[in-house]
Amino acid sequence: MFGLGKKKHWTRSKDPESKRYRQDMAAHLNGKGLKCVSERVNGVEELVGKSGAIIVKDDELLMYAGQEVVFRCKILDMKAWELMSLDGVNITACDLEHGGKERSVVAYYSYWRRMDD
C-alpha cells in the first residue's frame, strides 16, 4: 500500500486520522515525480501545474510544478489517500502557500512504480 518495505508493511498504522499514518504517507510520497496536479473548483477539474515532484521538508509536504510551489501543508494536518488505480494521490489540507485556504488537490505520478517498493 505505502511501499514501505515488508517489515513496515506489518507495523504501519491503519488509522488515517493518526499521526503515524500521516507521517508514513508523507515518507511514501517523498521524492515522487509528478505528471500533473489538479484541483476541483466549483465542480470543474482545473489543472494547477505540470511536471513536478512531491518533497518533504522538515514537517511540511510541498508539491512543485516546474520551479513553483503549487501546494504546501503541514504533514500532521493533511488528509491523504492514494487513488484506487495507484497512479496518484489526493491530499486535502490548508495550503500554507496560498494563504492557509483549505484545498483538495490530486497529484498524478509520472511513474508510480518504484524499484525499491
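Which residue does Arg103 form a salt bridge with? The partner is Asp95, and the closest N and O atoms are 2.4 Å apart. By salt bridge I mean a side-chain nitrogen of Lys or Arg within 4 Å of a carboxyl oxygen of Asp or Glu.

Before I go on, the ground rules. This is a predicted model, where local features need pLDDT of at least 70, side-chain atom pairs count only at pLDDT 80 or more, and totals for chains, interfaces and linings use all residues. Residues are numbered from 1 along each chain as its sequence is written, and side-chain values use heavy atoms, with hydrogens and water left out.

Back to the pair. Arg103 is buried, at 8% relative accessible area. Asp95 is buried too, at 0%. Buried means under 20% relative accessible area, exposed means over 50%, and partly exposed is in between, with a 1.4 Å probe and protein chains only.

Next, Glu60 and Lys74. Their closest N and O atoms sit 3.6 Å apart, in a salt bridge. Glu60 belongs to strand S3 (residues 60-65) and Lys74 to strand S4 (residues 68-74), so this pair ties together parts 14 residues apart in sequence. Strands here are DSSP runs of E, at least two residues, numbered from the N terminus. Glu60 is buried at 15%; Lys74 is partly exposed at 29%.

Now the surface. Arg40 is exposed, at 56%. Its salt-bridge partner is Glu45, with closest N and O atoms 3.1 Å apart. Glu45 is partly exposed, at 37%.

And the total? The structure holds eight salt bridges.

Methods
Helices (H or I, at least four residues) and strands (E, at least two) are DSSP runs, numbered from the N terminus.
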